[in-house]
Amino acid sequence: MNKIPYQKVKYRELKDISDLAVAVKCYNGSEAILPKSQIIEHQFEDALLVPCWLVERKDIQAANQKFWRERRS
């Protein structure tokens with residue numbers, strides 16, 4: 001099993017901008033464009049699971065807690 005760490009990103013607004021990407025606006029005002037192939041939508045809240053490496057590259061608000069999930073293929 002090959003798992004990678006994700007962080008939860010709570011969003012105020014989520015928009016599809018193409019077949020490959022979404023625009024995310026967080027509660028602190030930070031915004032980013034994220035590839036759909038890398039994110040996992042959270043089932044119960046207005047949140048996404050985003051790989052930690054992508055959170056580090058984008059200036060978006062994310063929880064410190066890490067969630068380990070299977071690598072997406």
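This is a predicted model: local features need pLDDT of at least 70, side-chain atom pairs count only at pLDDT 80 or more; totals for chains, interfaces and linings use all residues.
Local features need pLDDT of at least 70, side-chain atom pairs count only at pLDDT 80 or more, totals for chains, interfaces and linings use all residues, and side-chain values use heavy atoms, with hydrogens and water left out.

Select residues 31-35, strand β3 (strands are DSSP runs of E, at least two residues, numbered from the N terminus). Ala32 and Leu34 point to one face and are buried (under 20% relative accessible area, 1.4 Å probe, protein chains only).

Val24 has Ala32 as its bridge partner in β3. Four residues lie between β2 and β3 in this hairpin, and Gly29 in the turn has a positive phi of about 95°.

Then select Lys8, in strand β1 (residues 3-16). Lys8 is buried, with a relative accessible area of 18%. Its side chain makes a polar contact with the side chain of Glu45 at 3.2 Å (N or O atoms within 3.5 Å, one able to donate a hydrogen and the other to accept it; residues adjacent in sequence count only if both atoms are side-chain atoms).

Finally, colour the chain by pLDDT, the predictor's confidence in each residue, from 0 to 100. The chain mean is 92, and 96% of residues reach 70 or more.

Conventions:
Residues are numbered from 1 along each chain as its sequence is written. Buried means under 20% relative accessible area, exposed over 50%, partly exposed in between (1.4 Å probe, protein chains only). Two strands pair if DSSP finds at least two bridges between them.
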